[in-house]
Amino acid sequence: MSKNQEPYISPDTHLPEITVKGVILGIILSAVLAAANAYLGLFAGMTVSASIPAAVISMAILRLFKKSNILENNAVQTAASAGESLAAGVIFTFPALVIMGYWQDFDYFQTTFIALCGGILGVLFTIPLRSALIVRQKLTFPEGLATAEVLKTGTEGGKGIKFLLIAGIVGALFKLCEAGFRLWHYAVDVATVVKGKLYLMFSINCSPALVAVGYIVGLRIAALVFIGGVITWWVAIPIYMAMNGYDGVVDELIAAGKYGSAADANAGNIGITLWSAKMRYLGVGAMLIGGVWALISIKDALLPALREGVAAFKKGSDDLAVLPRTEQDTPMKWVVVGIGLLIIPIFIIYLREIEVLHVSGTMAIIMVFGGFLFSAVAGYMAGLVGSSNNPISGVTIATVLTAALLLAAMMGTGSAKGPAAAIMIGAVVCCAAAIAGDNMQDLKAGHLLGATPRKQQIMQVVGVVASALVIALVLSLLNNAYGFGPDSPLQAPQATLMQSIAEGVFGGNLPWNLIFIGIAIGALIIMADLYQKRRGSSFRIPVLAVAVGLYLPFELDSAIMLGGIIAWLVSRYQQSQGGDKVRSQRSNQTGLLFASGLITGEALMGIGIAVPVAATSNLNVLQLIAEPLGGWLGLLLLLAICYWLYNTAVQAYKE
């Protein structure tokens, strides 16, 4: 171990890591963060790492007890962050089963068990890779590094919970007034068609949570997401409109069943409908090549890690006594037994749904190999770009498409259950990959702090179990209250894409021309990124960030961009004041906590509003005025919150 990676706590020092209060707190935080991130992902199409907010909350609460320590705090955030990651794996796939009509609502048993098995597999798959990726290759794992630093500065970090609470209240009140009381429209939209050919539009969603996402990911990623939106909404859609004319596009959408008559179409909704029916497949193509490129670009480094992982499986050494405490993983024999046991219930669920033995067996085999491969990819990519920027969407799309093509060959393209089978394979792989990336970040933080890996792996499983038990209930509540899909308040962008791909393969109606154009766009972005790499530029262009923007509604892209601009302004202020490292770190942590509070407050209020809405089947049950005042009021209030976020981070630097 290099000198700069000496553990904070010596391997010879033994501190309580798994405690009763720590387990209880980890379970609660995991469930809460899973619910909040599920809402955010269904709404925004993006999720963010919850490790740092979880660490701050843990520190603030555990300080109330006489005995607590940094490794106990790390164990709590390890369990808590698992909830956020499992939520991402679930919302990217399971809602597709409801959107396609295969499920009328979320089957609690199947949803919970598939999520549970997928999440635990993600933990188990990464155990043999920990030593290779963290100890020997010394990958960065940016969020793991940041979490370790926050925990080291625990005295100051614990005080940051006030920013989480204040921002959480603000985000919750904003959501209550907009979605509950219906005081203003959720977005500002301006669109027009000039002379039946030229399409012009701009829209922004007035959501503090979206701005917070942009702030957390920073200007570079936010700008790339925005560029993806520009390609779709300011280039592709106007070109398509100019080539076919407004009337031609309307007739085409009527023929596709998107409109009942020409009277139903107008400049305000024609772009959304055209995006939903066609243009979002540009994002599918870009995601596909992005997922493939992720495999190609890391193959030279990943293959040795995979070989080490397989060798660790075969060796199966359980002699922990000869290893330092900080290098003791879960025994390999338990890893192998665990994987074998988890395959059985997944196979049974597949067989129950598909009712064809050889097809169910094939699904289970694809799931195991795909899960291990993409868990390794997710773990490696988390080390390079962090969990929030991990290509989970890309690898899941690749999994669903591959599984759908194989199943179509086995079951025939006319199979009614084929698309659902492909989604269920993708669900397990997606949950495993999402948890794997998070697990490696947590293990990196533990490696720097001097935690015991096997105890962290136990807490990771605790977090997976806690979040899996609540996620199906949250999905059912949100589905009954808001619904999922392009025409619903919760658009579930990734799940909608998974549904379109799976059904498109079996229906033979995938718009391959648009997918190939998306692949070409992705290839151009990859070449631009390689050029930036060759010239030594710090501004890299990850293709998957642009691909996310390609398939998101523009109102989300622009709001995320606004958050990125605020983060850039804060950075500029820090530089103008001398860029003191300690002050900048405090400023960045404060801004991050404030942004996380906005996300959590808005998400939890969205879930809270869903309770009376679902109970009454009335989306306007809390509405106070007959007609919302329009999106401009919401935009003005959002800008005020943006200034508050900026000022909070700046004041933290000054102090």
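On the surface, V20, I24, I28, V32 and L604 form a nonpolar patch, and together they have about 420 Å² of accessible area. The model described here is predicted. Helix α1, which covers residues 20–44, supplies the largest share of the nonpolar patch, with 4 residues. One of the residues in helix α1 is V32. The relative accessible area of V32 is 33%, so this residue is classed as partly exposed.

The next feature is a pair of strands. Strand β1 spans residues 187–194 and strand β2 spans residues 198–205; the two pair in the antiparallel sense over 8 bridges. Within this pairing, V193 stands opposite Y199, which belongs to β2. The strands β1 and β2 make a hairpin with 3 residues between them, and in this hairpin K195 takes a positive phi near 55°.

The cysteines come next. A disulfide is a covalent bond between the sulfur atoms of two cysteines. Counting a disulfide requires two cysteine sulfur atoms within 2.5 Å, and by this rule the count comes to 0 disulfides. C206 is in no disulfide, as its nearest cysteine sulfur belongs to C642 and is 9.9 Å away. C206 has a relative accessibility of 2% and therefore counts as buried. C430 is likewise in no disulfide; for C430 the nearest cysteine sulfur is that of C431, at 6.1 Å. With a relative accessible area of 1%, C430 is buried.

Most residues other than glycine have a negative phi. A492 is not a glycine, yet its phi is positive, at about 45°. This residue, A492, sits in the loop between α18 (453–481) and α19 (493–507). Is A492 buried or exposed? Its relative accessibility is 2%, so A492 counts as buried.

S617 is not a glycine either, and its phi is positive at about 55°. The loop that holds S617 runs between α23 (581–616) and α24 (631–654). S617 has a relative accessible area of 67%, which means that it is exposed. Set side by side, A492 is buried, whereas S617 is exposed.

How values were computed: Residues are numbered from 1 along each chain as its sequence is written. This is a predicted model: local features need pLDDT of at least 70, side-chain atom pairs count only at pLDDT 80 or more; totals for chains, interfaces and linings use all residues. Side-chain values use heavy atoms; hydrogens and water are left out. Patches are made of residues with over 30% relative accessible area and no salt bridge: like charges are joined within 9 Å, nonpolar side chains (Val, Leu, Ile, Met, Phe, Trp, Tyr) within 5 Å. Accessible areas come from the Shrake-Rupley method with a 1.4 Å probe; for residues, only the protein chains shown count as cover. A salt bridge is a side-chain nitrogen of Lys or Arg within 4 Å of a carboxyl oxygen of Asp or Glu. Buried means under 20% relative accessible area, exposed over 50%, partly exposed in between (1.4 Å probe, protein chains only). Two strands pair if DSSP finds at least two bridges between them.
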